[in-house]
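Here is a short tour for a first look at a protein model.

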Amino acid sequence: MVSEIQSKKLFSVTLRVWRQAGPTVPGKFVDYPATNISPDMSFLEMLDVVNDELTKTGDEPIAFAHDCREGICGTCSCTINGKPHGPGKGVATCQTYMRSFHEGDLIIVEPFRARAFPIIKDLVTERKAFDKIQQAGGFISVRTGAAPDANSIPVPKEDADLAMDAASCIGCGACVAACKNASAMLFVAAKVSQLGLLPQGQPERDKRVLAMVQTMDEAGFGNCTNQYECSAVCPKLISHDFIARLNRDYMSALFKARFKPASHAAAGD
Ligand code: FES
């Protein structure tokens, strides 16, 4: 009896991959055959197979970033056929399966492209800019009490749900790669909202949003022009509504900072 695995038809595709030896050298697309591919392989497993073949022939394997391979860490970041993370909706590259492709397909694979994400090698980009934004304010440093205290601070269900939605951002950078302005506003909006929706995030709410937006601007990300490409490719389906929330938070904090009462300014509040 033919097992289910044996009955799955292996197939072959051609990869057109961006190869770039380092950050300062020019890159180019190079074609590679990917043969005997199982539809059940993830996209990264398929790249592993291609790299095995390249290694056997003494060629340089394709460099690509990955860690969890479970859609959690946000490390795997390729643009596949023009779409960050590939053809699926709500999935990262590591959760994209070869069953999304067909025999004979030409699959174009390139790194996330944005000025703030310089290419390190092949498909690997430097996304330290996101770390800097996070370090500027994506945390709570005030005392939030002991663990049992959390149960004594009621949080409306709607806010808790929204905070959880925002917290699902894995910081992969697909939103930036998809945006024609390379805007990081969906990422920043998720990080600001995740904390700004909760009581524990209130004491530093204004300071947080001002610092994170300033760091975002300094890192070279563009602005949002409401195209919503970001939320369309987000592997966690984070809504662009969070960008409106970010803008409101930012304007409110800016207003308060500009028109701070003299007594507060003197006290350094
Ligand atoms: S490897 Fe971690 S999200 Fe894809």
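Two residues are in contact if their C-beta atoms, placed from the backbone, lie within 7 Å. By that rule, 18 residues of domain 1 are in contact with 17 residues of domain 2. On the side of domain 1 that touches domain 2, the residues divide into 9 nonpolar, 6 polar and 3 charged. The model is predicted.

**The whole chain**

Domain 1 covers residues 4–121, and domain 2 covers residues 127–267. Their C-alpha centres lie 31 Å apart. The protein chain has 10 helices and 7 strands. Its C-alpha trace spans about 75 × 50 × 30 Å along the principal axes. Of the 269 residues in the chain, 35% are buried. Take the contacts between residues at least 6 apart in sequence: 71% of them join residues at least 24 apart.

How many residues of helix 6 are buried? The count is 12 of 12, so the helix is mostly covered. Among these buried residues are Met185, Phe187, Lys191 and Gln194. They pack against helix 3 (128–137), helix 4 (157–167), helix 5 (174–178), helix 7 (205–218), helix 8 (229–233) and helix 9 (241–258).

The length of helix 6 can be checked too. Helix 6 runs over residues 185–196, and at 1.5 Å a residue its 12 residues should span 16 Å. The end C-alpha atoms are 15 Å apart, which agrees.

Helix 3 is one of these partners. Its buried residues are Ala129, Phe130, Ile133, Ala136 and Gly137. Seen down the helix axis, they fall within an arc of 120°, so they line one face of helix 3. These buried residues pack against helix 6 and helix 7.

**The nonpolar core**

The largest nonpolar core has 67 residues. Those with the most contacts inside this core are Cys175, Val176, Ala184, Leu186, Val188 and Ala189. Helix 6 gives the most to this core, with 8 residues. Each of domain 1 and domain 2 supplies at least three residues to the core.

What does Cys175 touch, not counting residues up to four places away in sequence? The list is Ala184, Leu186, Phe187, Cys230, Val233 and Cys234.

**Away from the core**

| Residue | C-beta neighbours inside 10 Å | Class |
|---|---|---|
| Asn36 | 10 neighbours | exposed |
| Asn226 | 7 neighbours | exposed |
| Glu229 | 19 neighbours | partly exposed |

Why is Glu229 partly exposed? A residue is buried if 20 or more other C-beta atoms lie within 10 Å of its own, and exposed if 12 or fewer. Glu229 has 19, so it counts as partly exposed. Glu229 lies in helix 8. Leaving aside neighbours within four places in sequence, Glu229 is in contact with Ala178 and Cys179. Glu229 and Leu54 are 175 residues apart in sequence. In space, they are 35 Å apart, C-alpha to C-alpha.

Now the backbone at the two asparagines. Asn36 has a positive phi of about 55° although it is not a glycine. Asn36 sits in strand 2, which covers residues 28–37. Asn226 likewise is not a glycine, yet has a positive phi of about 55°. Asn226 is found in the loop between helix 7 and helix 8.

Note on methods. Residues numbered from 1 in each chain as written. Predicted model: local features only at pLDDT ≥ 70, side-chain atom pairs only at ≥ 80, totals over all residues. Domains from an automatic or database assignment. Nonpolar A, V, L, I, M, F, W, Y, C, P; charged D, E, K, R; others polar. Helix = DSSP H or I, 4+ residues; strand = E, 2+ residues; numbered from the N terminus. Expected span 1.5 Å × (residues − 1). Arc of directions from axis to C-beta. Core = buried A, V, L, I, M, F, W, Y, C linked by C-beta atoms within 7 Å.
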